[in-house]
There are 2 protein chains.
Amino acid sequence: MSEFTNVTVVREANIYFGGAVASHTVVFADGSKKTLGVMQPGEYTFNTGAAELMEILSGELDLQLAGETGWRPIAGGQSFEVPANSSFTMKVKTVSDYCCSFLA
Amino acid sequence: MSEFTNVTVVREANIYFGGAVASHTVVFADGSKKTLGVMQPGEYTFNTGAAELMEILSGELDLQLAGETGWRPIAGGQSFEVPANSSFTMKVKTVSDYCCSFLA
């Protein structure tokens, strides 16, 4: 377990895919932003604006970045980066807890 | 939308019912605590330690507090309190976003 201190949290959840993916936004003193979320099993494609670091805290999924042909297994404790202005698809196999950092 | 400022957030989600209910813990400067969570459709019973104020931010559910015989419809924008050392059951009809405050 780890904590983020002296942050601002948005009360309302960000709801994607009818709630199968839901997150809460955390804003840091330096203006940087992370989202803390949970994904139900399913397949989800997300587009990026800024580059993202996705840390999977628990769960299991298969990952495909834009332009890749294969799938990469990702489990709790692993992370991956997604370039800016790109996309990625996750086949979430078990409920997955994540921390997404938006990179400057 | 509203925000909580100068708070501490626990990075890892609280996972209940296999992830169908998941929340993040927010701790305030005075030591008080809230959880921000999302519930998938389903029926869930929770026990309370401290009394709780449940604010339903969006979604629809039916509520039954311990000792009640009927069900009360609760929708986004409504809230309810649960006594300490009690329990409550929610039949969640649509994905529901909530803010739970633990009362001293």
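Mentor: Two residues are in contact when heavy atoms of theirs lie within 4.5 Å. This is a predicted model, so local features need pLDDT of at least 70 and side-chain atom pairs pLDDT 80 or more, while totals for chains, interfaces and linings use all residues. Residues are numbered from 1 along each chain as written, chains are lettered from A and ligands numbered from 1 in the order written, and side-chain values use heavy atoms, without hydrogens or water.

Trainee: Which residues does A:Ser96 touch, not counting those up to four places away in sequence?

Mentor: The contacts of A:Ser96 are A:Gly37, A:Val38, A:Met39, A:Ser58, A:Gly59, A:Glu60 and A:Leu61, with residues up to four places away in sequence not counted. A:Ser96 belongs to strand 9 of chain A, residues 87-103; strands are DSSP runs of E, at least two residues, and helices are runs of H or I, at least four, both numbered from the N terminus.

Trainee: Is A:Ser96 buried or exposed?

Mentor: The classes rest on relative accessible area: buried is under 20%, exposed over 50%, partly exposed in between (1.4 Å probe, protein chains only). A:Ser96 is buried because its relative accessibility is 0%.

Trainee: Which backbone atoms does the side chain of A:Ser96 reach?

Mentor: A polar contact is a pair of N or O atoms within 3.5 Å; within protein, one must be able to donate a hydrogen and the other to accept it, and residues adjacent in sequence count only if both atoms are side-chain atoms. Here the side chain of A:Ser96 reaches the backbone oxygen of A:Thr94 at 2.7 Å, and the backbone nitrogen of A:Glu60 at 3.4 Å.

Trainee: What rotation and what shift superpose chain B on chain A?

Mentor: Two copies of a chain are related by a rotation about an axis and a shift along it. For chain B onto chain A the rotation is 180 degrees and the shift along the axis 0.0 Å, with an RMSD of 0.0 Å (least squares on C-alpha atoms of residues with pLDDT of at least 70 in both). The two copies are therefore related as by a two-fold rotation axis. In chain B, the C-alpha of B:Asn6 is the one nearest the axis, 2.2 Å from it. Both copies use the same surface, since 100% of the contact residues of chain B recur in chain A.

Trainee: How many residues does the contact take from each chain, and how much area is buried?

Mentor: Chain B gives 28 residues and chain A gives 28 residues. Buried area is the accessible area (1.4 Å probe) lost by two parts on being put together, summed over both. For chain B and chain A this comes to about 2,500 Å², with 61% of it on carbon and sulfur atoms. On the side of chain B, the most area is lost by B:Val9, B:Arg11 and B:Glu12, together 24% of what that side buries.

Trainee: How many residue pairs are in polar contact across this interface, and which strand of chain B gives the most residues?

Mentor: The rule finds 13 residue pairs in polar contact across the interface of chain B and chain A, both residues at pLDDT 80 or more. In chain B, strands 1 (3-10), 3 (21-27), 4 (33-39), 6 (51-65) and 9 (87-103) each supply at least two residues of the side touching chain A. Strand 1 of chain B gives the most, eight residues.

Trainee: How far apart in sequence are the parts tied together by A:Asp62 and A:Lys93?

Mentor: A:Asp62 and A:Lys93 form a salt bridge, the closest N and O atoms being 3.6 Å apart. A:Asp62 is in strand 6 (residues 51-65) of chain A and A:Lys93 in strand 9 of chain A, so the pair ties together parts 31 residues apart in sequence. A:Asp62 is buried at 18% relative accessibility, and A:Lys93 is partly exposed at 46%. As for shared partners, salt bridges join A:Arg11, A:Glu12 and B:Glu55 into one network.

Methods:
A salt bridge is a side-chain nitrogen of Lys or Arg within 4 Å of a carboxyl oxygen of Asp or Glu.
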